Amino acid sequence: MPRQSRLAFWLSIAWMLAVGCWAWWEYSHYSGLYRRLAEWQIARWGSYERIWTGLLPALILAAPALSVLRRREQEQQMALADGADPAPFLRNVRRGMLVLGVLSALVAGGAYVYSQQLPHPSDPPVEVNLAALGPAAPPTGSAMLTGALPDTARALRLDEAFRSRSADIDHQTIYVPVVAEGAAKDAPVRFFIDRASYAFTDSEEAPRTNIFLADHMRGVLVENGLPAEVVAAFAEKELTVAEPHYLLTTNSVGGRQTWYVVAALGGFIAFILFLLSAIQTISIARAERR
């Protein structure tokens, strides 16, 4: 492979990795172009596509690199048609797959190892009395809030619908401000609690219930744990979110969910790349026998 072609190949790979990191950052932080596109969709249709809002711009930005890779593949195919030895080309493809597979495996492993350092709901809870805490920073991790009142009048609800063959499944997450007893209504809110529920929208026997009781405020306290889009939605409702704020998440995995998703995606991508590398190895062996 000519040196110029090799450089173009690796620059294209680097560009696609950079675009992927940029898209993930904007998606996870609800910022930049992702946020502007989401707000435009909400203003026009009342909701937005979470995945395609980030994926479509990433595909457009990655198009030049994909074009370079496609053109390089076509050149290789023409060379093979002229009787060139396919083994060197196949080895280069396999090498690229292995490099990307190792990187994906490292990301997956690092995300999982890091997630295990985070608190889990099964840990013994620490009592956090909001009335006695004042402006001090609370301990994060497994916690139980006391001296607190859920402000359900200013709750924020997020809905996601998933279509299946049998029914439409509605996933609803409610974020509720939690204030200390006697706190001023116009003060920035430091604490929030979430509740998630699943229900079949076409089933009359599955009513949706979301209960917020003071003696049920137990979960994992995560600093700045609100999704960025939720913070933005609270701002539109003229509720000021304090910095830092604390989310008492009742999710079954606590604050580990994001890192579990990263680990799962990284592991899946690594598996696919290693599988393709193995298939490529078989193709190389066949080419060498010819």
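Is tyrosine 246 buried or exposed? Tyrosine 246 counts as buried, at 4% relative accessibility; buried means under 20% relative accessible area, exposed over 50%, and partly exposed in between (1.4 Å probe, protein chains only). The model is predicted, so local features need pLDDT of at least 70 and side-chain atom pairs count only at pLDDT 80 or more, while totals for chains, interfaces and linings use all residues. Residues are numbered from 1 along each chain as its sequence is written, and side-chain values use heavy atoms, with hydrogens and water left out.

**View 1. The largest nonpolar core has 16 residues.** A nonpolar core is a set of buried Ala, Val, Leu, Ile, Met, Phe, Trp, Tyr and Cys residues joined through side-chain atoms within 4.5 Å. Two or more residues each come from helix 5 (130-133), strand 2 (141-146), strand 5 (168-180), strand 6 (189-200) and strand 8 (241-249). Strand 5 contributes the most, four residues. Helices (H or I, at least four residues) and strands (E, at least two) are DSSP runs, numbered from the N terminus. Leu130, Leu145, Val178, Phe191, Met217 and Leu248 have the most contacts inside this core.

**View 2. Surroundings of leucine 248.** With neighbours within four places in sequence left aside, the contacts of leucine 248 (heavy atoms within 4.5 Å) include Ala143, Leu145, Phe192, Ile193, Met217 and Val220.

View 3. Rings of Phe, Tyr and Trp (its six-membered ring) pair if their centres lie within 6.5 Å; planes under 30 degrees apart count as stacked, over 60 as edge-to-face and the rest as tilted. Phenylalanine 191 and tyrosine 246 are stacked, at 5.5 Å centre to centre and 25° between the planes. Phenylalanine 191 belongs to strand 6 and tyrosine 246 to strand 8, so this pair ties together parts 55 residues apart in sequence. Phenylalanine 191 is buried, at 5% relative accessibility. Phenylalanine 192 and phenylalanine 234 form a tilted pair, 5.2 Å centre to centre with 40° between the planes.

**View 4. The cis peptide bond between glutamate 243 and proline 244.** Omega is about 0° at this bond. Proline 244 lies in strand 8.

**View 5. Positive phi at asparagine 224 and glutamate 238.** Asparagine 224, in the loop between strand 7 (218-223) and helix 6, has a phi of about 50°. Asparagine 224 is partly exposed, at 34% relative accessibility. Glutamate 238, in the loop between helix 6 and strand 8, has a phi near 65° and is exposed, at 73%.
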